[in-house]
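Subject: Structure for your review

Dear colleague,

Please find the structure below, together with its sequence. My notes on it follow, and I would be grateful if you read them with the model open beside you.

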Amino acid sequence: QVQLAESGGGLVQAGDSLRLSCAASGRDFSYYAMGWFRQAPGKEREFVAAITSGGNTDYADSAKGRFTISRDNAKNMMTLQMNSLKPEDTAVYYCAAGGLLSTRAYDYPDWGQGTQVTVSS
């Protein structure tokens with residue numbers, strides 16, 4: 001099991017950038033696949049991006065070309081660089097840890113508490 005804590009959310013304007021971080025505690029962080037999900041009010045939690053322990057990545061279509069996921073296994077950290085933000089990116093963003101690269105939330109047993117991202121038009 002790994003404990004996760006997100007940071008870096010905030011209120012920005014459309015077109016701005018934000019960098020979200022996910023700090024992990026516990027053993028063997030480098031073995032986990034990590035993911036970012038988001039949930040907007042009244043909507044289901046949706047996949048944003050994921051990265052394997054070796055650095056292979058996957059992105060939702062909505063994130064491709066604008067968001068970049070990365071990790072630093074030595075620091076037990078994962079980040080999501082978000083550029084060209086849009087109002088529809090407004091959501092609570094969660095980081096998650098699991099055993100395989102997946103776009104499905106139920107494949108990730110460990111979750112952080114989330115960080116709010118609000119993009120104004």
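Are F37 and Y108 buried or exposed? Both of these residues are buried. Please keep in mind throughout that this is a predicted model.

Aromatic rings

There are 5 aromatic pairs in the structure. In one of them, the ring centres of F37 and Y108 are 5.3 Å apart and the planes stand at 70 degrees, so this pair is edge-to-face. Because F37 belongs to strand β4 while Y108 sits in the loop between β9 and β10, the pair ties together parts that are 71 residues apart in sequence. Y108 also forms an edge-to-face pair with W111, with 6.5 Å from centre to centre and 70 degrees between the planes. The relative accessibility of Y108 is 2%, so Y108 counts as buried. W111, by contrast, has a relative accessibility of 24% and therefore counts as partly exposed. Through such ring pairs, F37, F47, Y94, Y108 and W111 are linked into a cluster.

In soluble globular proteins, nonpolar side chains tend to be buried together. The largest nonpolar core here has 29 residues, and the members that touch the most others are M34, W36, L80, M82 and Y93. At least two residues of this core come from each of β3, β4, β5, β7, β8, β9 and β11. As for M82, its contacts beyond four places in sequence include L18, L20, F67, Y93 and V117.

E6 lies in strand β1, which spans residues 3-7. Although E6 is buried, it has no salt bridge, and the nearest side chain of opposite charge, that of R45, is 7.5 Å away. What does the side chain of E6 reach at 2.8 Å? It reaches the backbone nitrogen of G114, and the backbone nitrogen of Q113 is reached at 3.1 Å. Among the other residues that E6 touches are W36, Y93 and C95.

D110 is found in strand β10, residues 110-111. D110 is likewise buried without a salt bridge, and R71, the nearest side chain of opposite charge, is 11 Å away. The side chain of D110 reaches the backbone nitrogen of V2 at 3.4 Å. The residues touched by D110 include Q1, V2, L4 and Y32.

Yours sincerely,
A colleague

Key:
Residues numbered from 1 in each chain as written. Predicted model: local features only at pLDDT ≥ 70, side-chain atom pairs only at ≥ 80, totals over all residues. Heavy atoms only, no water. Helix = DSSP H or I, 4+ residues; strand = E, 2+ residues; numbered from the N terminus. Buried < 20%, exposed > 50% of the residue type's maximum accessible area, 1.4 Å probe, protein only. Lys, Arg positive; Asp, Glu negative; His and termini not counted. Salt bridge = Lys/Arg side-chain N within 4 Å of Asp/Glu carboxyl O. Polar contact = N/O pair within 3.5 Å; in protein donor to acceptor, adjacent residues only side chain to side chain. Contact = heavy atoms within 4.5 Å. Core = buried A, V, L, I, M, F, W, Y, C linked by side-chain atoms within 4.5 Å. Phe/Tyr/Trp six-rings, centres within 6.5 Å; stacked < 30°, edge-to-face > 60°.
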